[in-house]
Amino acid sequence: WYQRRVREAVVSTQSTGSSGINAEYGAAETDTTESDNILAGILPFAGDHEVVTCSTEPDSVITAGEDSVCRLWHFKNKNLKIASEVKCEEYGIINCLTTKHPKFTVVAGTNQGYILGLNLMERKVTVLLSRKGLGFQSLDCQGSRDNYILVALTTTGMLLYFRDKDWIERKVHDGFGLCVQLSHDGLLLATGGADKTVRLFTIDGLKLREAGVIRHKNLKWVWNLQISHDKEHIFISASEGVVQLWRRKDNISDTGEEEDGTVKFCRAYSGHEKSVVSLAYFERNT
């Protein structure tokens with residue numbers, strides 16, 4: 001049943017007449033079609049291995065995949081070259097990563113139950129957590145160096161929450177857990193799973209309080225989600241090929257299947273023929 005996913009990353013630019021980007025493993029093909037988004041090239045980041053996850057920064061890209069290597073790529077003079085890499089073979093395949101941790105370049109979760117803190121420039125690996133038998137599917141982090149929150153969701157639907165040197169574990173989904181997201185201020189947490197639900201929690205220190213459950217007759221596997229800056233709106237990408245927009249508000253009356261009293265369905269955005277498995281959200285002037 002396993003299908004190998006894309007082994008390449010697509011790089012786009014926001015200008016016309018792009019001349020393409022060269023990767024260390026070969027030159028990227030160029031598309032000079034004039035449009036708002038120009039395809040600058042296809043970059044074989046991991047050779048014959050699957051690129052499982054990646055993150056972009058203003059002048060760099062971080063990739064990780066089934067070769068158990070996390071790589072830092074820098075843009076320089078229209079070229080994309082490897083600046084550093086860390087090998088993590090003994091810990092398993094890197095399934096997910098976040099660059100928001102205040103102490104490490106990357107925090108990565110593996111399929112063998114490890115959460116790793118990676119310092120890519122010094123090529124160092126720190127084991128933050130080991131839970132044999134668990135596979136980490138999604139990570140997120142918010143906060144400062146002295147006060148931060150790290151959350152992880154496993155393939156068994158278990159949520160792990162770290163704050164003040166303590167890990168808290170809580171079962172939040174029946175079956176696969178697929179995505180976890182913190183609000184920008186770290187006060188709201190949302191998780192999505194294969195049980196066709198999104199679960200919301202407010203955060204008060206080491207306490208997680210349930211703040212609503214999103215269910216919808218057309219909602220299947222919840223692959224990804226994003227929380228707006230004001231914590232009022234939640235975008236969900238799911239298996240039915242649409243992105244759903246929900247509004248979170250106190251004292252919404254319960255009208256049946258689509259609402260639970262704290263969240264309300266607003267609309268759906270269509271266009272994909274198959275599952276929407278990834279979602280990014282950007283809010284201007286915040």
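How many helices and how many strands make up the secondary structure of the protein? In this predicted model, the count comes to 0 helices and 24 strands. The protein has 286 residues, and 47% of them are buried. Among contacts with a separation of 6 or more, 43% are between residues 24 or more positions apart.

Strand E22 (residues 233-238) runs antiparallel to E23, and 5 bridges join the two. These two strands form a hairpin with 4 residues between them. In the turn, Gly 241 has a positive phi of about 85 degrees. Within this pairing, Ile 234 has Trp 246 of E23 as its bridge partner. Strand E23 is also joined to E24, again in antiparallel orientation, by 6 bridges. Here the bridge partner of Leu 245 is Arg 267 in E24.

Aromatic contacts were considered next. A pair of aromatic rings is described by the distance of the centres and the angle of the planes. The structure holds 6 aromatic pairs. One of them involves Phe 162 and Trp 167, with ring centres 5.0 Å apart; the planes meet at 45 degrees, so the pair is classed as tilted. Phe 162 is buried, at a relative accessible area of 14%, whereas Trp 167 is partly exposed, at 22%. The pair of Trp 246 and Phe 265 has ring centres 5.4 Å apart and planes at 70 degrees, and is therefore edge-to-face. Because Trp 246 lies in strand E23 (residues 243-248) and Phe 265 in strand E24 (residues 263-269), this pair ties together parts that are 19 residues apart in sequence. Trp 246 is buried, with a relative accessibility of 0%, while Phe 265 is partly exposed at 21%. Trp 246 thus takes part in an aromatic pair with Phe 265 and is also the bridge partner of Ile 234.

Phe 162 and Trp 167 also belong to an aromatic cluster, which they form with Tyr 148. Tyr 148 is in turn among the residues touched by Gln 142. Gln 142 is found in strand E13 (residues 136-143) and is buried, with a relative accessible area of 17%.

The cysteines were examined for covalent links. A disulfide is a covalent bond between the sulfur atoms of two cysteines. The count for this model comes to 0 disulfides. For Cys 70, the closest cysteine sulfur is that of Cys 88, at 6.8 Å, which is too far for a bond; the cut-off applied is 2.5 Å. Cys 70 is buried, with a relative accessibility of 0%. Cys 179 is buried as well, with a relative accessible area of 3%.

Conventions
Residues numbered from 1 in each chain as written. Predicted model: local features only at pLDDT ≥ 70, side-chain atom pairs only at ≥ 80, totals over all residues. Heavy atoms only, no water. Phe/Tyr/Trp six-rings, centres within 6.5 Å; stacked < 30°, edge-to-face > 60°. Buried < 20%, exposed > 50% of the residue type's maximum accessible area, 1.4 Å probe, protein only. Contact = heavy atoms within 4.5 Å. Pairing = 2+ DSSP bridges. Lists of a residue's contacts leave out its neighbours within four places in sequence.
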